[in-house]
Amino acid sequence: MKYVATDKAAAAIGPYSQGVISGDMFYSSGQIPLKADGELAQGGIAEQTHQVFANLQAVLEEAGSSLQHVIKTTVFIKDMNDFAELNSIYASYFGDHKPARSTVEVARLPKGVKVEIEVIAKVAQ
């Protein structure tokens, strides 16, 4: 296994890595809307979702992958009433690429954020 770390996304806030490569697969930790400097992105679901995707793109790039190589996502959302707005933003990042996805409403997320997303992606050999 190879641990993935980049200073272009927020550092892990616990005893885990931003992601792990095993063979030709990348597994990200859940990304929340923390900026690279550790500051929480301000605003509602739209602003937080854009920051989560900025973090995902940074860790995917560090792993030698991209959103276009994502196979599966898991989306944790604080309020399912935000689903339509989140879904629209999500679609704008993936375009015609449609990875498998699970979306789950949860009671709480770290730091009280509104969204957390993790991905599984292929990496170049």
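The model has an open, mixed sheet of six strands, in the order β1-β2-β3-β6-β4-β5. Strands here are DSSP runs (E, at least two residues), as helices are (H or I, at least four), numbered from the N terminus, and two strands pair if DSSP finds at least two bridges between them. At the edges sit β1 (2–4) and β5 (100–105), each pairing on one side only. This is a predicted model, so to speak of local features takes pLDDT of at least 70, and side-chain atom pairs count only at pLDDT 80 or more, while totals for chains, interfaces and linings use all residues. Residues are numbered from 1 along each chain as its sequence is written, and side-chain values use heavy atoms, with hydrogens and water left out.

β1 pairs with β2 (residues 19–22) in the antiparallel sense over three bridges, and Lys-2 stands opposite Ile-21 in β2. Helix α1 (residues 45–63) packs on the sheet, touching β1, β2, β3 (25–28), β4 (70–77) and β6 (115–122); contact means heavy atoms within 4.5 Å. Helix α2 (residues 83–94) lies across β4, β5 and β6, at about 155° to β4.

How do the two helices meet? Their axes, α1 and α2, come within 9 Å and cross at roughly 30°. Axes are lines fitted to C-alpha atoms, for helices over the stretch in contact, with angles from 0 to 180 degrees between N-to-C directions. α1 and α2 are therefore roughly parallel to each other, the cut-off for that being under 35 degrees. Among the residues that meet are Phe-53 in α1 and Tyr-90 in α2.

How values were computed:
Angles under 35 degrees count as roughly parallel, over 145 as roughly antiparallel, 65 to 115 as roughly perpendicular and the rest as oblique.
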